[in-house]
Amino acid sequence: MQALLVALLLVASSAGRAGAQAEQVVTLETRPGQSIRVLVLRPAAPAAGSVVLIAGGHGNLAIGDDGRLGWGAGNNLVRTRGLYAEAGFVTAVPDIAPEFKRAGGAEEGYRSSEGHARDLGALIAHLRGETPAVFLIGTSRGAISVANAAARLTGSGRPDGIVISSGVLMSHRGNDLSAQSSVRGLDRIAVPTLLIAHHLDQCRVTPANDAEAFRHLLKGAPRVDVKFVSGGQSQGNPCEAFAYHGFNGIEREVVDLTTAWLKTNTPSR
């Protein structure tokens, strides 16, 4: 899939760290009639690969022309994007395509669609122009996006590995949307996979023990690692970003765990 870069603007980065370049907002044509905005943060000297960070919740980040986030700034992956760049990764935080956006949210079920997977595949293929290895990382409901993309994508758009943290992995009620219930072909995921859970996650749809249950559904993955963390503090709604669910207070520990795993599982070219 040939992705077309249609706009590029420099923006001030609130997530940048020492050694990182200014954050950019990129508009990428992903499919006929559809494009996505992406915040891109590059380390001064990329030494690892690229990561695509998929926020949870409804996922409609409402990224403006100037790179400002209309929603989701506190999401665990969004607020820690500077740490991934600090670890040597080109870091991309994508918004969703316009066809999926709704006032104050998004179309229910878009995360398991072919179109959403194609959008992520186009971004992955674009990032391969900068680094050979590209990984997808999703948190909470972002688990559905990541699993769907990994199950559907092939060729240059397929990620080299995936990471899911505090994922909505298994269904606990009949109408629950989860990776288990929404993504077809989980056994087609054929890349290394890391599942991260917090021992004290009290969100009803992301209990820590779901990670162990979900790993058994990924029969085609060459390896599936499950890591549990503890510590930090929980504030507010147990399913929101500053509860244990969002690794509040242990952000660097989780990023260090993730990036160490990515570097270990980077394919040789």
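1. Basis. In this predicted model, local features need pLDDT of at least 70 and side-chain atom pairs count only at pLDDT 80 or more, while totals for chains, interfaces and linings use all residues. Residues are numbered from 1 along each chain as its sequence is written, and side-chain values use heavy atoms, with hydrogens and water left out.

2. Strand S2 (residues 24-31) is joined to strand S3 (residues 34-41) by seven bridges, and the two run antiparallel. Strands (E, at least two residues) and helices (H or I, at least four) are DSSP runs numbered from the N terminus; two strands pair if DSSP finds at least two bridges between them. Two residues separate S2 and S3 in the hairpin, and glycine 33 in the turn has a positive phi of about 85 degrees. Arginine 31 stands opposite glutamine 34 in S3.

3. Burial of S2. Seven of the eight residues of S2 are buried, so the strand is largely enclosed by the rest of the structure. Buried means under 20% relative accessible area, with a 1.4 Å probe and protein chains only.

4. Aromatic pair. The structure holds one aromatic pair. Phenylalanine 100 and tyrosine 110 are stacked, at 5.3 Å centre to centre and 25 degrees between the planes. Rings of Phe, Tyr and Trp (its six-membered ring) pair if their centres lie within 6.5 Å, and planes under 30 degrees apart count as stacked. Phenylalanine 100 lies in the loop between strands S5 (90-94) and S6 (101-102), and tyrosine 110 in the loop between strand S7 (105-106) and helix H3 (114-127). Both residues are buried.

5. Charge over a ring. Arginine 79 lies over the face of phenylalanine 242, 4.4 Å from the ring centre. The rule asks for NZ of Lys or CZ of Arg within 6 Å of the ring centre and within 35 degrees of the ring normal.

6. Largest pocket. The largest pocket holds about 710 Å³ of space. Of its 32 lining residues, the closest to its centre are Gly56, Gly57, His58, Ser140 and Arg141. On a 1 Å grid over the protein atoms alone, a pocket is an open set with protein on both sides within 12 Å along at least five of seven lines, a cavity is a set of points where a 1.4 Å probe fits but cannot get out, and lining residues have an atom within 4 Å of a point.

7. Largest cavity. The largest cavity has a volume of about 90 Å³. Ile54, Pro94, Asp95, Ile96 and His116 lie nearest its centre among 14 lining residues.

Key:
Rings of Phe, Tyr and Trp (its six-membered ring) pair if their centres lie within 6.5 Å; planes under 30 degrees apart count as stacked, over 60 as edge-to-face and the rest as tilted. Buried means under 20% relative accessible area, exposed over 50%, partly exposed in between (1.4 Å probe, protein chains only). Grid points are joined across faces, edges and corners, and a volume is the space filled by probe spheres set on the points.
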